[in-house]
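Biologist: Could you take me on a close look at how the helices pack in this model? I would like to go through one part slowly, with the residues named.

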Amino acid sequence: MSNSLEECLVSPHKEEKMPIQLGAHTIRSHGFKVARFHMHDWIILILLAVIEVILNVIHPFYRFVGQDMMTDLKYPLKSNTVPFWAVPVIGILLPIAIFIVIYIFRRDVYDLHHAILGLLFAVLITGVITDAIKDAVGRPRPDFFWRCFPDGKAVYNNVTGNVVCHGVKSVIKEGHKSFPSGHTSWSFAGLGFAAWYIAGKIKAFDRSGHVAKLCIVFLPLLVAALVGISRVDDYWHHWQDVFAGGLLGLTVASFCYLQFFPPPYSTDGWGPHAFFHALAETNNSSNHLTPRPMEVDTHYGSSERNGRLAGDW
């Protein structure tokens, strides 16, 4: 990438050049404006966070668990290989650190703001969907027997045949939240978004044939997959829970990424839609450039023109 981060646009009718500073949209110059324009999005994020808290407080559906069903629910009760506090670190803080590093080089507040906003939407929407399904389904975890009967003495209702748990209430409550895996869905939402983001920045699909770029893109997905595998190894989830969680998180991450960024295989895949929109408005107001109609995207600016601002990654 060019150290100066500066490219020139050439008018199709004149040979004069118009300097465009890629780092012209910084946090100091445009940060407040961008955040204010998306104020309603941040409010929705807060509402999603509140809903997420409520879904974790309420009791899930306590599904019928008979004696015959306990055969597949007697796995050992183990601690988490990946603790709960580590999930936000892996799925949120780690991608944000990547966004900040890119901002240090590019000085594009649109890219930083929209990457963080899209990431938070991906994680919180995934969290709300995951926990809503958890509460509605109430599937017992593989270690449910030991949650329900910590002393190993099983008790069942003489009439209904349902379990009569005498374990710790909070542990029993958590034992009814197997499907889908929250660790997995959150990890794939955050790291899946990061994989999309990295693919766009390094131009992974520019047809240059550099497979090493794909290895970089797959690395966050590998980390997310290992988190999901740990949930099966710890007997906190069935494999179906992990599969559904990964699919859910990656799907939501894809939708949220494409809301703010072009697809990574696009010519403009290296930057957010908002940057090209702002650039087009700047060019139109300057009256220094008269673009050809075939080159202009009325919303985001010219793909050919802005592609020259990307630099080499």
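Modeller: Happy to! Let me begin with a term: a crossing is called right-handed if the near helix is turned clockwise from the far one by less than a right angle, and left-handed if it is turned anticlockwise. Please keep in mind that this is a predicted model.

With that in hand, look at H7 and helix H9 (residues 239–260), whose crossing is right-handed. Their axes lie 7 Å apart, and the two helices pack at an angle of about 40°. Angles under 35 degrees count as roughly parallel and 65 to 115 as roughly perpendicular, so H7 and H9 are oblique to each other. On the H7 side, the residues that meet H9 are Thr184, Ser185, Phe188, Ala189, Gly192, Phe193, Trp196, Tyr197 and Gly200. Their partners in H9 are Val242, Gly245, Gly246, Gly249, Leu250, Ala253, Ser254, Cys256, Tyr257 and Leu258. Sorted by class, this contact has eleven nonpolar and eight polar residues, with no charged ones.

H9 also has a contact with helix H8 (residues 211–233). Here the axes come within 9 Å and cross at roughly 155°, which makes H8 roughly antiparallel to H9. This crossing, too, is right-handed. From H8, Leu221, Gly228, Arg231 and Val232 take part, and they meet Trp239, Val242 and Leu250 in H9. The classes here are five nonpolar, one polar and one charged. Val242 and Leu250 are named in the contact with H7 and also in the one with H8.

Of its 19 lining residues, the closest to the centre are Asn56, Phe84, Asp131, Gly182 and His183. By class, the lining holds four nonpolar, seven polar and eight charged residues.

Conventions. Residues numbered from 1 in each chain as written. Predicted model: local features only at pLDDT ≥ 70, side-chain atom pairs only at ≥ 80, totals over all residues. Heavy atoms only, no water. 1 Å grid on protein atoms, 1.4 Å probe; cavity = no way out; pocket = protein on both sides within 12 Å on 5 of 7 lines; lining within 4 Å. Nonpolar A, V, L, I, M, F, W, Y, C, P; charged D, E, K, R; others polar. Axes fitted to C-alpha atoms, helices over the stretch in contact; angles between N-to-C directions. Helix = DSSP H or I, 4+ residues; strand = E, 2+ residues; numbered from the N terminus. Parallel < 35°, antiparallel > 145°, perpendicular 65-115°, else oblique. Contact = heavy atoms within 4.5 Å.
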